[in-house]
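Subject: Structure for you to look at

Hello,

Here is the structure I said I would pass on.

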Amino acid sequence: MLCAISGEAPQVPVVSPKSGSVFEKRLIEAYISENGKDPVTGEELSIEDLIDVKSQRVVRPRPPTLTSIPSLLSVFQEEWDALALETYTLRQTLAQTRQELSSALYQHDAAVRVIARLTQERDEARDALSKVTVGATRTAAGGEAMQVDATGLSEAVLARVENTQAALSKGRRKRPIPENWATSEAVSAYQPAESSEPLYPGSKALSVNASGELALVGGVDGVVGVYSLPEKRVVHTLQTNGPVTDAAWAGEKAIIASSTGSIKVFENGSELANFNSHAGEATALAVHATGDIVASVGVDKSYVLYDLTTNSTITQIFSDASLLSVKFHPDGHLLAAGGADGQIKIFDVKSGAAAANFAMSGPVKCLFFSENGTFLASVAENSTVISVWDLRSAQETKVLDTGSKIDSISWDYTGQFLLTSGPSGLTVQQYSKASKGWSEPLRSAVPAVSAAWGPAAQSIVAVNGEGAVTVLRAQS
């Protein structure tokens, strides 16, 4: 009997029932432990399946070639030759492997250099394109001057803006606080009262309509839900063509901005208009005090005004940096846009001319005017502080440090409560006209990427990164 693995007489023979072959027990057990199969047939085989063979212990005879010193020296010589040959083969293989590795490294380095060059060319092309877009004039093929900037405001739109400004600016600063408005004591008692299931992962946008009953919530999948706060459910689903970057209510109309640069207008779940003025991502939206004029900003360094009464583009004004945030002054005559260069650019809405410029420590993530029209709050990207600017003196009058990252800010209608949201929770900063000082009546651990005030500031609506809507109010 010879072992089917070693080809020698087995010391402890066993038989495999799968193939009927004889094996050395220690060899077949080692093979089964590693592979679990019969080495001859490849069938499943376990150690328990092996059958012991009763036989006399085999004494291996000494090979006849190892009976003398000359024959032993000959065997040793053959073994040495075999070892030398194997060593030579290993050296050859190592040299070939080193050469292949060297070639692969050179190819990788060349690929990295090509990618870096293409990335640089892409960035240069984008910069050149933005400069071409921003340029005031270019000469066409026929030699005529071609104006790239859009036209100014029409007489009808200009009249609406001026009439709105005249009507709202009267008595704005002396306006009394409504009787049913939330007090500091009420705000300090706000706690999470209800929360929805995650609606849209990657949510960034939240907007509550004037009635406080509907909220727009959008995510990276390009879907925006119209969430009913009283019914605690999504009543409409609005579809855009890219990840949602911002959303806003203009009366009963929902305005959605996406990373593809499109601005879509919906009403009662139906799409009314689709604008594609931005050459790149549209980053933020703002609604004018008229209620039917909307502004959007984008990475193409421009802001665009839209007329919702005619569903048309009014004008497009370019700046010298990508724009990340935007807000209209409460009177509607100014527009503030936050740039990636850390500058807050104030534009005259009627002419599109630059009116002022405020410097921040980094890209301007969010902006919000106080309702009295005097102050502008701003936050830089990844910052924990709020800069409050006095528009009368064009100076930074206050810096509020919340101690945690801020993703959004929202001033209430009375201008006394400034709401902030971020991954660490919500805060409310209160400004007192009497003492001209600031206090913090509320700090909540509810994380939110965006938050807004409910009707009469009697509640706070917040949405987190998973699209879960949470409502905070005083517990009865």
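Two strands are counted as paired if DSSP finds at least two bridges between them. Strand S13 (residues 263-267) and S14 pass that test, because five bridges join them. Please keep in mind that this is a predicted model.

The sheet with S13 and S14

S13 and S14 run antiparallel. One of their bridges links Val265 to Ala273, its partner in S14. Both strands belong to an open sheet of four strands, in the order S11-S12-S13-S14, with antiparallel pairing. Strand S11 (244-250) and strand S14 (270-275) are the edge strands, and each of these pairs on one side only. From one strand to the next, the twist averages 20°.

The sheet with S23 to S26

Another open sheet has four strands in the order S23-S24-S25-S26, and here the pairing is antiparallel. Its edges are strand S23 (364-369) and strand S26 (395-401), each of which pairs on one side only. On average, neighbouring strands of this sheet are turned by 25° against each other, direction ignored.

What joins S23 to strand S24 (residues 375-380)? Five bridges do, and the two strands run antiparallel. Phe368 has Ala377 in S24 as its bridge partner.

As background, strands of a sheet pair through backbone hydrogen bonds, either parallel or antiparallel.

If you want a place to start, find Val265 and Ala273, then Phe368 and Ala377.

Regards

Technical notes:
Residues numbered from 1 in each chain as written. Predicted model: local features only at pLDDT ≥ 70, side-chain atom pairs only at ≥ 80, totals over all residues. Heavy atoms only, no water. Axes fitted to C-alpha atoms, helices over the stretch in contact; angles between N-to-C directions.
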